[in-house]
Structures are given as structure tokens and as C-alpha cells.
Amino acid sequence: MKYTMFIVGLALLVGATILVARDGVKTAPHVAQFSVSFAKAITIGSRVLYPTSLAAGDINGDGFPDLAVVGNEDPFLSHGLGKGDGHFDHWGNSGGTGGAPFFVLLADVDGDGNLDAVTADAMQRVVAVAFGNGKGNFNRGVKLHTGVGFAVNQVAVADLNGDGIPDIVGTVRPIGYDPGRIFVLLGTGNRKFKKAIHFSSGGTQPSGIAVGDLNHDGIPDLVVANNGQYSGPYGSVTVLLGRGDGTFAKPTHYLKGSRPSQLLLRDFNGDGNLDVAVVGGTERVQVLLGNGDGTFSSSKSYWAGIAPHAIAAADFNGDGKLDLAVAAPNVSILLGNGDGTFQPPTMFHVHGHPDNLLVADFNHDGKPDVATIETVNSSSFISILLNATQFPAPQPH
């Protein structure tokens, strides 16, 4: 059974993408190592007082990535239109959210070809969907109750049951020492969803979530970062294989005893299997290579800076190998070797310590750029790092 990728925009805490192995960047043979560089950061004042999440996607159909920003101090969706040069204008706040939006994702939830804004609430068990009109604005949308936990951490959008209609899956903040839970809202079409169903996350305090076909059966699977309790039980990364009907098998544990918070799925070694990269709890990125059957090999770790807490992937230097971008005290770029290993980080400064990051081509030059959010002395900013790397000339076939 083939399933469809609905996410077009990229959210902060990344980890919420639907992937099959062919989405990974394949290793280019006989390509020399190249460095990476970015221009001085473009700094934009944030319309949100204390931003917690940002997403990028083309919400008005002009071919340029736009931005959506939320923060749980401000109960609205802030969005600006990209000008194609790393700057943004026509900022607005149309579109409904919960009372304390913590996370935002841009995805086509209703299948009309326009990006919608999905936000998770930090104080309620609510997911809000504001439907985009394709012209840069959103309507008030709907509020969907997860029915579990006391708040929502992160969400992803995917067709989990193979009916061609997007569904929503996410992690929640449990009450007390309750086990971690995952919720699924199955779409029925016409912007409606069934009552939420729930599954164990296999740990406590589930945070990051990613969706992809880990075992090549055409059915989306889940990978979850369980952050754990500060005094135990500690965290883990868990895999939940999909059954094809919107339900999932019991979780399998990896990285037990760690405190992962964010993760993503990509094919880092070009073998056609999805791999996972994880941050949180240490100063290192943990990378687990997929075996293609829903299991992962032992992890390898790479220093990324102090307290890395957000992660994204792209080919930043044009060598055909996936690299990592990590939010630490700076933006750390770890160039990939194409075999699932990574080089020591190169650091790039933004206006402050980045709270989050994402990757998009903001100036339409074919190179991946980086956007971050940060708060400095009670003022909040968005920083844009435009990729200034000299990409290698295309090789003749």
C-alpha cells in the first residue's frame, strides 16, 4: 500500500515529516569534501513575544517560503510572507490557535492544495487547525481534543490508514507520572476528524515525533523521543510500527537512559533505509542507522555544542551527502560523510542563542538556508542564515 506525504512546510522541532527512504539524499561517488559557509544573519523582530516554534512553507503560492511563528504567551498565529531574498513582509495574525500555542506545523490537512497551520497547545489537550486560503491568510479553523494528557507537545500529519485522507498524530504532556501517550486523529474528509485514539509512547514525557516507512511495507511507522522524568524513569527513543489502519504495534526501545527531546528521520548513508538523528540530554547528536526492517543499529554520537535541542537535515554544501543543522548556543553544521557518519561542527552565529531552527531555501538560489528563533533580553527575534557556500559544478553523466 502506497501512502502520501502531506507535509509541505517544515516545523521547528522537526521531527514531524513523513518519509520513505527515497527522500534521503543519496551519496555522490568520488566527491571531494567541501566546506560550508553562510552570510551574516538577517535579524527580524518577532511579532510573538516569546516564540517557541516556527514553520516554513509557501502559504500564498508565489514560490517563496513564508514563515509561521507561535509562542505560548500569545494566543495567535503570526505569519509573514517571504520576499525571496531572506526578508519577510505583510505580517498578519489570521488563523485560530489554542490559548497557549506551543508548536506550529504547516501542512495540507484538508487536501485542497493549500497549506494549513496546525498548532499544539501548551495548556490544553487541544490541537488547532487553521485552514489556509492559498493567498497568505488562514481562517479560524477547528479545535480538536486529544482526550489524553494535559497539553500537546508536537504533531505530524500523515495518511496513517491508507484512505488518502490526511490524519494527525502527536505526543502529549502526561499528568504526573502517567505513562507517555500518543494520540491519533483520523481524518474523514470535509475538514472533519474522528474521536482521538491513544497508544503508549513506550516511555514518559514524549516530545519529538517523526513518521516514516521504516520497514518498506508501505505503511507509516512512528519514532518517538521520550524525554523521561528528571528523577527517573529516564528517557528513550521508541519505534512503533504501523498496522495500516491508524493503529500501531507495541513500542521497541532504543537509547534507554538518555533524555532525547527532538529527532528526525532521513537516509544518511544512502542504503535506502531511513535512519534517525536525535538531540537532547547531552552535548551530542545520536545517530542510529536503520536496518530496513523497522530496527536500528547501535547509535554513534557526535559533539554538536552545548545543550543541542533542535535538529534539521539538508545537503548544505552541495556534495550530495546529507548534513545536520543543530541549535546549540550557535547554529552548528555537521557535514555528512555519506556513510552515516559526520564531521565536527562548524559554528555560525545568530542574534542570540537559538531556541529552534528549520531549513528552507529562502532566497530561491537552490541552496538550503537556516531560520532560527531566539529571545535576547526580553526581546525576540527571527534570524535567517543564507547559504553562501560555493556548490561544486554539476558532474557530467
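A bit of housekeeping. This is a predicted model, where local features need pLDDT of at least 70 and side-chain atom pairs count only at pLDDT 80 or more, while totals for chains, interfaces and linings use all residues. Residues are numbered from 1 along each chain as its sequence is written, and side-chain values use heavy atoms, leaving out hydrogens and water.

Okay, the big picture. The protein chain has 32 strands and zero helices. Both come from DSSP runs numbered from the N terminus: H or I with at least four residues for helices, E with at least two for strands. Of the 397 residues in the chain, 62% are buried. Buried here means under 20% relative accessible area, exposed is over 50%, and partly exposed is in between, using a 1.4 Å probe and protein chains only.

The accessible surface of the chain is about 14,800 Å², and 53% of that belongs to carbon and sulfur atoms. Those areas come from the Shrake-Rupley method with a 1.4 Å probe, and for residues, only the protein chains shown count as cover. As for contacts, meaning heavy atoms within 4.5 Å, take the ones between residues at least 6 apart in sequence: 52% of them join residues at least 24 apart.

Now, the inside. In soluble globular proteins, nonpolar side chains tend to be buried together. By a nonpolar core I mean a set of buried Ala, Val, Leu, Ile, Met, Phe, Trp, Tyr and Cys residues joined through side-chain atoms within 4.5 Å. The largest one here has 23 residues, and V118, V155, I168 and F183 have the most contacts inside it. The elements giving it two or more residues are β8 (101-107), β9 (116-121), β10 (126-130), β12 (151-158), β13 (167-173) and β14 (181-185). Which of them gives the most? That's β8, with four residues.

If you click on F183 and skip neighbours within four places in sequence, its contacts include V127, V155, I168 and I197. There's also a second, separate core of 18 residues, with F316, V331, I333 and L385 among them.

While we're around β9, find T119, which sits in that strand. T119 is buried, at a relative accessible area of 2%. Beyond four places in sequence, T119 touches residues including V70, G96, F103 and A128.

On to charges. How many salt bridges does the structure hold? Two, where a salt bridge is a side-chain nitrogen of Lys or Arg within 4 Å of a carboxyl oxygen of Asp or Glu. One joins D110 and R191, with the closest N and O atoms 2.8 Å apart. D110 is in the loop between β8 and β9, and R191 is in the loop between β15 (187-189) and β16 (192-193), so the pair ties together parts that are 81 residues apart in sequence. R191 also meets D112 in a salt bridge, at 3.8 Å from N to O. D112 is in the loop between β8 and β9 too, 79 residues from R191. Put together, D110, D112 and R191 form one network of salt bridges that share partners. D110 is partly exposed at 21% relative accessibility, R191 is partly exposed at 34%, and D112 is partly exposed at 37%.

Then there's K367, in the loop between β30 (356-360) and β31 (369-376). Is K367 buried or exposed? Buried, yet without a salt bridge: the nearest side chain of opposite charge, D365, is 4.8 Å away. For charge, Lys and Arg count as positive and Asp and Glu as negative, with His and the chain ends not counted. A polar atom of the K367 side chain does lie 2.5 Å from the backbone oxygen of T389.

Last stop, backbone angles. Most residues other than glycine have a negative phi. L255, in strand β21 (residues 252-258), has a positive phi near 50 degrees. H364, in the loop between β30 and β31, has a positive phi near 60 degrees. L255 counts as buried at 18% relative accessibility, whereas H364 is exposed at 51%.

Key:
A polar contact is a pair of N or O atoms within 3.5 Å; within protein, one must be able to donate a hydrogen and the other to accept it, and residues adjacent in sequence count only if both atoms are side-chain atoms.
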